[in-house]
Amino acid sequence: MTEIAQPAAYHNHNSSFSSTWTKDISLLALRLFAAYEFWEAGVEKWNGENWFAEIQTAFPFPFSVLPADLNWFTAMGIELVAPVLLVLGLFSRYAAAALFMLTAVAWYAVHAENGYNIVQNGYKMALIYCLVMLPVILQGSGKLSLDTLLKKKFSKIPL
């Protein structure tokens with residue numbers, strides 16, 4: 001059998017496009033998905049009643065000793081500010097870490113005892129949100145972000 005000659009790019013599985021842009025597009029998609037989901041939760045809190053007092057004792061320390069109103073406004077603030085930062089790709093690791101922490105507290109206080117199933121208000125979505133935030137926390141926001149523009153302009157900023 002004769003072997004068909006392939007272009008050099010065909011053999012290079014680590015082309016610059018596949019190793020950079022696909023990662024950057026994936027990170028952008030994760031950031032936009034998370035931003036939408038958390039923004040909705042923040043707006044719901046903004047327009048709703050504070051129900052944290054009902055579950056205050058379920059919060060892990062130190063949140064269990066803080067006033068329910070402070071916890072409510074902190075959660076709402078994170079859910080409204082961090083999504084904007086994720087969309088812009090600005091301080092993305094910090095925004096994702098804040099959302100990860102917020103989700104971990106919600107998982108512990110609200111969803112853990114209900115099992116995995118979403119229908120029973122279980123922790124499946126909390127787990128998904130934590131997993132969505134991990135790549136952004138570990139890899140940053142990617143090239144499609146203000147973080148990258150700032151890093152290029154001020155190369156000494158650790159992002």
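The model is predicted, with local features needing pLDDT of at least 70 and side-chain atom pairs counting only at pLDDT 80 or more, while totals for chains, interfaces and linings use all residues. Residues are numbered from 1 along each chain as its sequence is written, and side-chain values use heavy atoms, with hydrogens and water left out.

Let's start with Asp 147, which sits in helix H7 (residues 146-153); helices here are DSSP runs of H or I with at least four residues, numbered from the N terminus. Asp 147 is buried but has no salt bridge, and Arg 93, the nearest side chain of opposite charge, is 6.8 Å away. Buried means under 20% relative accessible area, exposed over 50%, and partly exposed in between (1.4 Å probe, protein chains only). A salt bridge needs a side-chain nitrogen of Lys or Arg within 4 Å of a carboxyl oxygen of Asp or Glu. What Asp 147 does have is a side-chain polar contact with the side chain of Ser 141, at 3.2 Å (N or O atoms within 3.5 Å, one able to donate a hydrogen and the other to accept it).

Arg 93 also turns up in a positive surface patch, together with Lys 23, Lys 143, Lys 151 and Lys 152. Such patches take residues with over 30% relative accessible area and no salt bridge, like charges being joined within 9 Å. Lys 23 belongs to helix H2 (residues 16-47).

Two residues with their accessibility:

| Residue | Relative accessibility | Class |
|---|---|---|
| Lys 23 | 37% | partly exposed |
| Phe 91 | 40% | partly exposed |

Phe 91 lies in the loop between H4 and helix H5 (92-111), and its phi is near 50 degrees, a positive value in a residue other than glycine. Pro 62 is in the loop between helix H3 (52-55) and helix H4 (68-88).

Note on methods. Patch = residues over 30% accessible without salt bridge, like charges linked within 9 Å, V, L, I, M, F, W, Y side chains within 5 Å. Areas by Shrake-Rupley, 256 points an atom, 1.4 Å probe, with all protein chains shown as cover. Lys, Arg positive; Asp, Glu negative; His and termini not counted. Charge placed at Lys NZ, Arg CZ, Asp CG, Glu CD. Helix = DSSP H or I, 4+ residues; strand = E, 2+ residues; numbered from the N terminus.
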